[in-house]
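Here is a friendly briefing on a two-chain model, arranged by topic. Please have a look at the structure first, and then read on.

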Amino acid sequence: MPKKYNIPIKNVPPRNFPVGKFSTIEFREDCAGSCRNCVKKKCIYNIFDENYSHMRSMKAPEYIYQCYSCFRCVQECTKGIFSRVINPEYSSLGDELWTPQVITITWRQAHTGAIPVSGAGYRGPFTGEGFDGIWTDMSEIVRPTRDGIHGREYINTSIEVSRRPQGLKFNKDMSLDGDLPPIVEIPLPILFKQPDHGVLTDDVICSMASAANQLGTMMIIDPDVITQAVSPYLKSLVPRLTRENHRNYQTLIQDVPMVELSYEKGIEKEFAELRKINPELCICVSIPLEANAVAIASEMAAFEVDTLHFYGTDQGKEKVTDNPRFLKDVIQDIHLELVDKALRQKVNLVFSGGIALSEHVTKSVICGADGVVIGRSLLIAMECRLCYRCNKDIACPAKLEEVDPDFGSARIINLMAAWRNQMLEMMGAMGIKEVRRLRGEMGRSMWFEDLEKEIFGSIFKQ
Amino acid sequence: MRILRKRFLVQFLNSKSSITEYSMKNKGDLFKFPEASTMPSRFRNTIGKYIIRRSANCTSCGTCAEICPSGVHPKLKDYSRSVKPIEHKCIGFKCQETDHYCIDACPQKALTLRENPLLTTMGDFRWPAEMMLAHFAMAETGEKPKVDLEYNLGCSGGGFDKIRLKNSKLNNTPYDDTVEIDTSISLNKSEDERPQITIPMPGYSGGMSYGSIALAIMVGRARAAKRLNTLTCTGEGGYPDELHPYRDHVITQVATGLFGVTEESIKRSPIIEFKYAQGAKPGLGGHLLGSKVTAEVAAIRETVIGRPLFSPFPFHSVYSVEDHKKHVDWVKEINPNALISVKVSTPTDVDMVAVGAYYAGAHIIHIDGSYGGTGAAPDIAKKNIAMPIEYAIPKVHDFLKSEGVRDKVCLIASGGIRNAMDVIKAIALGADGVVIGTAELIALECVRCTNCESGRGCARGIATTDKELNKVITEKFVEQRIVNMYLAWRQQWCEILQQLGMKSIRELVGRTDLLVHLDYLDQAERSLYQPAPKSSMVL
């Protein structure tokens, strides 16, 4: 049996104070001043200890990011001088999909490597757009589950990024006719890519590449940022090339396991030339999620391509202007089209754009993807706040340019460990032992529209 | 021995509780609901919808204390100065229309009134701040809140929050409290030899294990169950000795970890609950953090102090309905008087699972929806795995009906049932009754900060075994607050049933024709119903 894959985690505290959700307000003019029952001394999370030291050193007061909002100080102060507001900086973090909650949860996972656990029930809306409209199934009594999270049963999360032959041909002496394509496997259904924007210094890129290397996955990267510092990780890099420029990187192509070519009409004609340089090379073609994505998918899948990488917007939608659909619908369309054309087994499909949480990976796979590609989350793991000040050449509040590659890669590895463990939870509950078995298994999910139609529709429709 | 027996007989005749125990088994109508009595907050500064500030201009003339009928301005004996207003009792700006609006009445204009900004930092989509405050008030007084708080609807934008009672089915006559309304349900509908257990309200308390919550909470809930003549559940952490006096009201849970399950605890319980899955973490076992495993917890669970405890998922001896039947038979053999409840979560084939559980011999099918509460569960499971209870109830109800066994089994729903109105909706969708967990904790002033599992546990002394934190809560407080909350709920149930022209809550089961869903109405019709409350929540 192959070695069981496990991601080691370690505690990597943040370099800056993360933006906290709550901040305490004190109406100091009402404070008795010398109260012996001061609630600040009694805080069970000791959050005011930090606050005191800030006061003493006359620093600008940091938001008390550790506040757990138990309301004990608010409710117990003898003068009632405490109140609480939501930190305005917290509310302004991120955007619609990358909500403040998503960002802080990502930080915490990168810090501890632990999966987010909380008490009380679910706090969010009943359903939502995109992946939030899907519930995954679980098994009970009549079907077996898999106990993955505590390691009692091994759940395999590896996928291939190499193509599969559609059949074998034999010579008369029963030896194989022709060569088999290489088999390239990655232990996670997650590839990295260089983020579209952000502070992308050598050290930041190096952190990502190093993490990809340690995890055994790959990172899609622009060839011009492959510097000396990144070169130890060449075996985990996927240079992003075009039809025009790939001839300039012939030595690079010899050293990498896969290249990504931007889609254009007739791109398949370049495949032979690339494979001549490196016969073991996998070829990935990147295709924007535009209106004709389904047609391109079935066109490209017919050629000797290994992986198709579809990229949408950062909000997880199609790149079209009117009524863009969510990734979940597009993945389904492309997957089912290839199934219809009997091409699905041959190529691998990976998707990027708007993959912000671990559940998005599992749900993408359920919709029919082999894996996903993430970029933004890598930056957030290194404390990025998605403030986009870097786009305007303003200093980064998280000082990303000072990231140490050891720190950055450890944070990313922690995040991936937490994501993988959460995938194991979901797959275990579904009774799935292999992420490859989950691909396109829509029967193991429940969709909001379907449940509404099936159950509420029959009750409430007049 | 004879003396003992005599003493027991005297006790039996004297104590009310023995009579309630007796009635629970057979004659539900003997039971009288307890009286509500005020049980104020444990904390000095209560959280209200409004805040009243008193400025330095106050001359302590006492006008405000005299006029306020809600008791917002207390006047202490032997103390001439004004004290801090009790803000949560203030009915706010609607008081302007009355003749006792303290803001205008104050001769010094020393009082100001405004909405409490603290509310924006409380609550979430499912439990908005107002719903929590309303439950605090109900638990304090035993009556529906007097302040204008929205406690029937959350902001989740779906499920119960979009379902309303059909206007045309409600007769808008004022509530007449002299008319007897029956809110009892019977838990054994099969015609077997086992006891007919009837509880006087359509629900009982959910399992919370020893170790995950404070002992005072467990005992307090059992005391409340005894007074209300209903049931509570041990959860999966064993049966502490402190619960013995209430044993006729305590369900023993047999969960996948089998922690603390003994022959004795099975023998002494009126109902045995098999927990196959929990709605908050369907498909995953329970997890008690090492720090919560104190000497007492370890002893009762027969484990090692300080080591985290994982329950496996599923029962490693149950992989089919036949295996499940073996379990049920085993327990039925040990305790020939117990009813069997099977608690399952809500997968796509929950209807099949329910029918399977019924044929294996269960009296109660307990379906636990995915938005239920918990002491600690992975966020990913709470949000994503299994379907919400609103879908599961009609699915199971209809399937049991089509199989012709709906009348033979009691269908109990839980997981995201927050208030009295949700209970009505759940029953109208097809459940016989409900199981309540989180709402009881809210009655005990849980603020849903979700840190049940971090550090020393719950800062408010609820979900913790920390000795110091446990001091902030007492059994008496727990008992009375929970009794009060259910009395307030019952009042609401009776009002609604009367408006629907019903005499018993049993008539409501499966009456989906009494419900409407806002999404299925046209614009004009929808405007006749209260819209779902909007809120800009920051999670």
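Which residue just after H11(A) takes a positive phi? It is Gly368(A), with a phi of about 130°.

This is a predicted model, in which local features need pLDDT of at least 70 and side-chain atom pairs count only at pLDDT 80 or more, while totals for chains, interfaces and linings use all residues. Residues are numbered from 1 along each chain as its sequence is written, and chains are lettered from A and ligands numbered from 1 in the order in which they are written. Helices (H or I, at least four residues) and strands (E, at least two) are DSSP runs, numbered from the N terminus.

**The barrel of chain A**

- In chain A, eight strands make a closed barrel with parallel pairing, in the order S7-S8-S9-S10-S11-S12-S13-S14 (two strands pair if DSSP finds at least two bridges between them).
- From one strand to the next, the twist averages 25° (axes are lines fitted to C-alpha atoms, for helices over the stretch in contact, and angles run from 0 to 180 degrees between N-to-C directions).
- Helix H9 of chain A (residues 293–301) packs on the sheet and touches strands S11 (282–288) and S12 (307–311), with a direction about 165° from that of S12(A).
- Strands S8 (residues 219–221) and S9 (residues 237–241) of chain A pair in the parallel sense over three bridges, and Ile220(A) has Val238(A) in S9(A) as its bridge partner.

**The sheet of chain B**

- Chain B has an open sheet of eight strands with parallel pairing, in the order S6-S16-S15-S13-S12-S9-S8-S7.
- Strands S6 (203–205) and S7 (232–233) of chain B stand at the edges with a single partner strand each, so one side of each has no neighbour in the sheet.
- Five bridges join S13 (residues 364–368) and S15 (residues 410–414) of chain B in the parallel sense; Asp368(B) has Ser414(B) in S15(B) as its bridge partner.

**Covered helices**

- Helix H11 of chain A (residues 358–367) is mostly covered, with 10 of its 10 residues buried (a residue is buried if 20 or more other C-beta atoms lie within 10 Å of its own, with C-beta atoms placed from the backbone).
- Helix H10 of chain B (residues 350–359) is also mostly covered, with eight of its 10 residues buried, including Val350(B), Asp351(B) and Tyr358(B).
- Those buried residues of H10(B) pack against helix H9 (321–334), strand S12 (339–344), S13 and helix H12 (389–402) of chain B.
- Just after H10(B), Gly361(B) takes a positive phi of about 115°.

**A helix pair in chain B**

- The axes of H6 (residues 215–228) and H16 (residues 475–499) of chain B come within 7 Å and cross at roughly 45°.
- That angle makes H6(B) oblique to H16(B) (under 35 degrees counts as roughly parallel, over 145 as roughly antiparallel, 65 to 115 as roughly perpendicular and the rest as oblique).
- Residues making the contact include Ala216(B) and Arg223(B) of H6(B), and Ile482(B) and Tyr486(B) of H16(B).

**Where the chains meet**

- In all, 62 residues of chain A are in contact with 84 residues of chain B (two residues are in contact if their C-beta atoms, placed from the backbone, lie within 7 Å).
- Among the elements giving two or more residues to the side of chain A that touches chain B are helix H5 (100–112), strand S3 (117–118), H11 and helix H13 (405–430) of chain A.
- S3(A) and strand S14 of chain B (residues 377–378) pair in the antiparallel sense over two bridges, and Val117(A) stands opposite Pro378(B) in S14(B).

Note on methods. A residue is buried if 20 or more other C-beta atoms lie within 10 Å of its own, exposed if 12 or fewer, and partly exposed in between; C-beta atoms are placed from the backbone.
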